[in-house]
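Hi,

Here is the structure I promised to pass on. Have a look at it first, and my notes on what turned up follow below.

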Amino acid sequence: MKKISFLGCGSWGGALGLVLSKQGVPITIWHRNQKIIDSLALNNSHYLLPSLKFPKNVQFTSSIEEAVHKAEIIILSTPSQAIRTIIKSCKKYMNETSIIVNVAKGIETDTLMTASEVIKDVIGNKSINIVTLSGPSHAEEVIKGYPTALVAASSNFKISAKIQKLFSNEKLRVYVNDDIRGVELGGSLKNVIAIASGIVEGIGYADNTKAALVTRGLAEIARLGRAMGGLNKTFSGLSGIGDLMVTCYSKYSRNRFVGEEIGLGNKLESVLDGMTMVAEGVKTTESVYRLSKNYTVPMPISHAVYNILFKNKNPKIAIEELMLRELIEE
């Protein structure tokens, strides 16, 4: 049977590992922390989500060589800012025919590359098999078996269809898409709008404000996405409006949580210090600010989030300024 390995065991990587293992697929999960690996092996219980219990067909290791060697499929489930380091450390053990499945949602801050671009940059093989698996999905709901839909994106239909078939079951439906750039951008940029949604919630504004924010936020995402080569239809799909909706409205959203704490008057540094999971949108806000300038794309909501997070802009004043901008057509 083919070897499938997960690099990283955060909540989403763990949930996807559970999906495969419950289908009888033996998997290997790697984590750099030996103490976490020892705990996983001993209890078969996830260290962040105790309700996630792994079946016995899951192996755990802190050896990246052991995890990657002869793996046919490698699921990369680390935070986006760690992808370059992880790929550098494991590329010498990888098979040239391995399929790398990225499930992170972010843009590398230093280079402004998407995840697949980072992977190709490190490996140096532009024909490497890369799929990005994305869409509106919270680990907590996948663990509970709630019906969920995702999209597997790759320029190579054969490998995206392979990942589609691997993960699909009666509770998880996967579609395919050849616009990997658009899918990665949609999954990344929505986190900035989710922070804005949390800020609105924290301040105490209600449904009208949230609806306006999500609608105009999607317009910003699609505007930059198209300028960077993504297809318009992608932003109307699961990795666009779908992921935006679930991230902006859900209690499980880390990025929305960050925004809500900011809206309540807390400082960014103290909010992040108190979190056990990564809110990708904070770093992505920096990247989006620079990308919008590089591509000369107006993104007033994203710029407002940037100024609130990094320039100590008062959230209420930032929202008032958004409302008082020059009046335009929709």
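Ile64 touches Leu7, Trp30, Ile86, Ser89, Cys90 and Tyr93, leaving out residues up to four places away in sequence; contact here means heavy atoms within 4.5 Å. This is a predicted model, so to speak of local features I needed pLDDT of at least 70, and side-chain atom pairs count only at pLDDT 80 or more, while totals for chains, interfaces and linings use all residues. Residues are numbered from 1 along each chain as its sequence is written, and side-chain values use heavy atoms, with hydrogens and water left out.

Back to Ile64, which lies in helix 3. Helices (H or I, at least four residues) and strands (E, at least two) are DSSP runs, numbered from the N terminus. Ile64 counts as buried because its relative accessibility is 13%; the cut-offs are under 20% relative accessible area for buried, over 50% for exposed and partly exposed in between, with a 1.4 Å probe and protein chains only. From Glu65 to Met113, 48 residues apart along the chain, the C-alpha separation is 26 Å.

Next, Thr28, in strand 2 (residues 27-30). Thr28 is buried, at 7% relative accessibility. Neighbours within four places in sequence aside, Thr28 is in contact with Lys3, Ile4, Ser5, Phe6, Gln59, Thr61 and Ala67.

Helix 1 (residues 11-22) is worth a look too. Of its 12 residues, 11 are buried, so helix 1 is largely enclosed by the rest of the structure. The buried ones include Trp12, Leu16, Leu18 and Leu20, along with Gly13, Gly14 and Gly17. From first C-alpha to last, helix 1 reaches 16 Å, close to the 16 Å expected at 1.5 Å a residue (the expected span is 1.5 Å times one less than the number of residues). Just after helix 1, Gly24 has a positive phi of about 90 degrees.

On the subject of phi, what stands out elsewhere? Most residues other than glycine have a negative phi. Asn44 has a positive one, near 55 degrees. Asn44 sits in the loop between helix 2 (34-43) and strand 3 (58-61), and is buried at 10% relative accessibility. Leu112 also has a positive phi, near 65 degrees. Leu112 belongs to the loop between strand 5 (99-102) and helix 5 (115-123), and is buried with a relative accessible area of 11%. Thr296, which follows helix 13, has a positive phi near 50 degrees.

That brings me to helix 13 itself. Helix 13 has 15 residues and reaches 21 Å from its first C-alpha to its last, close to the 21 Å expected. Its buried residues, among them Glu280, Thr284, Val288 and Leu291, pack against helix 8, helix 9, helix 11, helix 12 and helix 14.

How do helix 8 and helix 13 pack, and at what angle? Helix 8 (residues 180-203) and helix 13 (residues 280-294) cross at about 105 degrees, with their axes 8 Å apart. Axes are lines fitted to C-alpha atoms, for helices over the stretch in contact, and angles run from 0 to 180 degrees between N-to-C directions. That makes the pair roughly perpendicular (65 to 115 degrees; under 35 is roughly parallel, over 145 roughly antiparallel, and the rest oblique). Helix 8 contributes Ser188, Leu189, Asn191, Val192 and Ile195 to the contact, and helix 13 contributes Glu280, Gly281, Val282, Thr284, Thr285 and Val288.

Finally, the cores. A nonpolar core is a set of buried Ala, Val, Leu, Ile, Met, Phe, Trp, Tyr and Cys residues joined through side-chain atoms within 4.5 Å. In the largest, of 40 residues, Leu189, Ile193, Leu224, Leu244, Val258 and Ile262 touch the most other members. Helix 8 gives this core its largest share, 10 residues. Leu224 touches Leu189, Val288, Leu291, Ser292, Tyr295, Val297 and Met299, not counting residues up to four places away in sequence. Apart from this core lies another, of 39 residues, including Phe6, Ile29, Ile75 and Val174.

Cheers
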